Amino acid sequence: MAMFEKAEDEYNDLMSKKNIIENDKSKIKKVIEELDEKKKETLNVTWTKVNSDFGSIFSTLLPGTMAKLEPPEGCSFLDGLEVKVAFGSVWKQSLSELSGGQRSLLALSLILALLLFKPAPLYILDEVDAALDLSHTQNIGRMIKAHFPHSQFIVVSLKEGMFNNANVLFRTKFVDGVSTVQRTVATKQNK
């Protein structure tokens, strides 16, 4: 009888622990489902905002174009996103149809759209216009002024067109074998 009572106590103890574990398991599953739902919501909000900014920035950098991020055919945004580009109303089949400069502007647009989602107070761009012609370089300056009014940019460039929208310029040059810096503040007409 003593062995039976001991076995019965152990059984009741194990059943009690099993019930606790099953309750904990259901709570954990519920938390996982809630977190998955929040993740989907957050990803959808992020995709919507970045997609909007991406298209806006790209069309500013390359007038007459459109760009968007969309899920592959038959998939949802949770499966991934593809970059689509249109010139006028004609959507390109592949990004390989773009020139090197166009691809540079596309990459810059995507990076800046991501940065707009979680803005920082200061950005440093080092010769992002190196592969671009002068008109596209000027568009970068306009885009920065239009899309990032509350951020500061330190931009390094060798092309004059980048600085048409700058508030302050620091020009460096060699004078008698010594590097000198000249500071120029833009007038209100140029801002």
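Trainee: Which residues of α1 meet α3, and what makes that a contact?

Mentor: In this predicted model, S56, I57, T60 and L61 of α1 meet H136, N139, I140, M143 and H147 of α3. Contact requires heavy atoms within 4.5 Å.

Trainee: What makes α2 roughly parallel to α3?

Mentor: α2 and α3 pack at about 10 degrees, with axes 13 Å apart. Angles under 35 degrees count as roughly parallel, so the term applies to α2 and α3.

Trainee: Which residues meet between α2 and α3?

Mentor: From α2 they are L105, L108, L112 and L116; from α3, H136, I140, M143 and H147.

Trainee: How do you know that the buried residues of α2 line one face?

Mentor: Buried means under 20% relative accessible area, and in α2 this holds for G101, Q102, L105, L106, L108, S109, L112, A113 and L116. Viewed down the axis of α2, these residues fall within an arc of 165 degrees, so they line one face of the helix. Their cover includes α1 (2-61), β1 (65-70), β2 (82-87) and α3 (134-147).

Trainee: What span should α2 have, and what does the model give?

Mentor: Helix α2 (residues 100-117) has 18 residues, which at 1.5 Å a residue should span 26 Å. The end C-alpha atoms of α2 are 26 Å apart, which agrees.

How values were computed. Residues numbered from 1 in each chain as written. Predicted model: local features only at pLDDT ≥ 70, side-chain atom pairs only at ≥ 80, totals over all residues. Heavy atoms only, no water. Helix = DSSP H or I, 4+ residues; strand = E, 2+ residues; numbered from the N terminus. Expected span 1.5 Å × (residues − 1). Buried < 20%, exposed > 50% of the residue type's maximum accessible area, 1.4 Å probe, protein only. Arc of directions from axis to C-beta. Axes fitted to C-alpha atoms, helices over the stretch in contact; angles between N-to-C directions. Parallel < 35°, antiparallel > 145°, perpendicular 65-115°, else oblique.
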